[in-house]
Amino acid sequence: MKTFVIGIGGVTNGGKTTLAKKLQKHLPNCSLISQDDFFKPESEIDTDENGFLQYDVLEALNMEEMMSAVSRWMENPGRSEEPTALKSTQGVPILIIEGFLLFNYKPLDTIWNRSYFLTVPYEECKRRRSTRVYEPPDPPGYFDGHVWPMYLKHRQEMNSITWEIVYLDGTRSEEDLFSQVYEDVKQELKKQNGL
């Protein structure tokens, strides 16, 4: 059975979840897996020499469990409420996977039909992060001492990726980002279906 898998990666607080949920609401036969649902318990998270919990690394995530969820979906692609849009593509189950380290995890490399990466500048990212409540809460200096350096490191690693990633400016309005990605996905689905 044909499937269509969309990856939405990007910087922390870049708009990944918002975009993914809006797409899920508007695309037929669409399921969503969020990488954030696979964080290990705090007791299993390493700390660095500054005492910062190392949440922004692959080792903080149970990626095997996430891959199992992806595999289960691939074996039996889920169905969801079908909006009236995209009638010509309703037969293709769609999976959106969103997360901050999707494109740094090699076992996922071969599944993407379309990949998007949201970016926001340092100051905007820091501002957005400061408005969010995390459990456990970010200690003072965490963004500058861990979060942003890890983002830069992982973003640099992505330079070796050989498939196409569409980079998106996360400072654009939610509606603009949604419209761009929604139209792009519609076109890709039509191509896949030979329409």
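This is a predicted model: local features need pLDDT of at least 70, side-chain atom pairs count only at pLDDT 80 or more; totals for chains, interfaces and linings use all residues.
Lys 16 is buried and yet takes part in no salt bridge, the nearest side chain of opposite charge being that of Glu 98, 5.4 Å away.

**Around Lys 16**
- Lys 16 belongs to helix α1, which covers residues 16-26, and a polar atom of its side chain lies 2.7 Å from the backbone oxygen of Val 11.
- When residues up to four places away in sequence are not counted, Lys 16 touches Ile 8, Gly 9, Gly 10 and Val 11, and also Glu 98, Gly 99, Phe 100 and Leu 118.

**Nonpolar cores**
- The largest nonpolar core has 40 residues, of which Ile 33, Met 66, Ile 97, Phe 103, Leu 108 and Trp 112 touch the most other members.
- At least two residues of this core come from each of α2 (63-75), β3 (94-98) and α4 (142-157).
- Met 66, with its neighbours within four places in sequence left aside, is in contact with Ile 33, Gln 35, Phe 38, Ile 97, Leu 102 and Leu 108.
- Another core, of 21 residues, lies apart from this one and has Leu 19, Ala 20, Cys 30 and Ile 96 among its members.

**Cysteines**
- Cys 30 counts as buried because its relative accessibility is 1%, and Cys 125 is likewise buried, with a relative accessible area of 0%.
- A search of the whole structure for disulfides finds zero.

**Salt bridges**
- The structure holds 11 salt bridges, one of which joins Asp 184 to Arg 114, with the closest N and O atoms 2.7 Å apart.
- Because Asp 184 lies in helix α5 and Arg 114 in strand β4 (residues 114-119), this pair ties together parts that are 70 residues apart in sequence.
- Both Asp 184 and Arg 114 are buried, and the two belong to a network of salt bridges that also links Glu 164, Glu 188 and Lys 191.
- Arg 127 forms a salt bridge with Glu 124, with 2.7 Å between the closest N and O atoms; the two residues are three apart in helix α3 (residues 122-130), so about one helical turn separates them.
- Arg 127 counts as partly exposed, because its relative accessibility is 46%.
- Glu 157 and Lys 153 meet through their side chains in a salt bridge of 3.0 Å, N to O, and because they are four residues apart in helix α4 they are separated by about one helical turn.
- Glu 157 is partly exposed, with a relative accessible area of 36%, and Lys 153 also counts as partly exposed, at 41% relative accessibility.

**Thr 171**
- Thr 171 sits in the loop between β5 (166-169) and α5 (174-192), where its relative accessibility of 41% makes it count as partly exposed.
- The side chain of Thr 171 makes a polar contact of 2.5 Å with the side chain of Asp 169.
- Not counting residues up to four places away in sequence, Thr 171 touches Thr 119, Val 120, Pro 121, Glu 124 and Arg 128.
- Although Thr 171 and Gly 15 are 156 residues apart along the chain, their C-alpha atoms are separated by 8.8 Å.

Notes
Residues are numbered from 1 along each chain as its sequence is written. Side-chain values use heavy atoms; hydrogens and water are left out. Buried means under 20% relative accessible area, exposed over 50%, partly exposed in between (1.4 Å probe, protein chains only). Lys and Arg count as positive and Asp and Glu as negative; His and the chain ends are not counted. A salt bridge is a side-chain nitrogen of Lys or Arg within 4 Å of a carboxyl oxygen of Asp or Glu. A polar contact is a pair of N or O atoms within 3.5 Å; within protein, one must be able to donate a hydrogen and the other to accept it, and residues adjacent in sequence count only if both atoms are side-chain atoms. Contact means heavy atoms within 4.5 Å. A nonpolar core is a set of buried Ala, Val, Leu, Ile, Met, Phe, Trp, Tyr and Cys residues joined through side-chain atoms within 4.5 Å. A disulfide is a pair of cysteine sulfur atoms within 2.5 Å.
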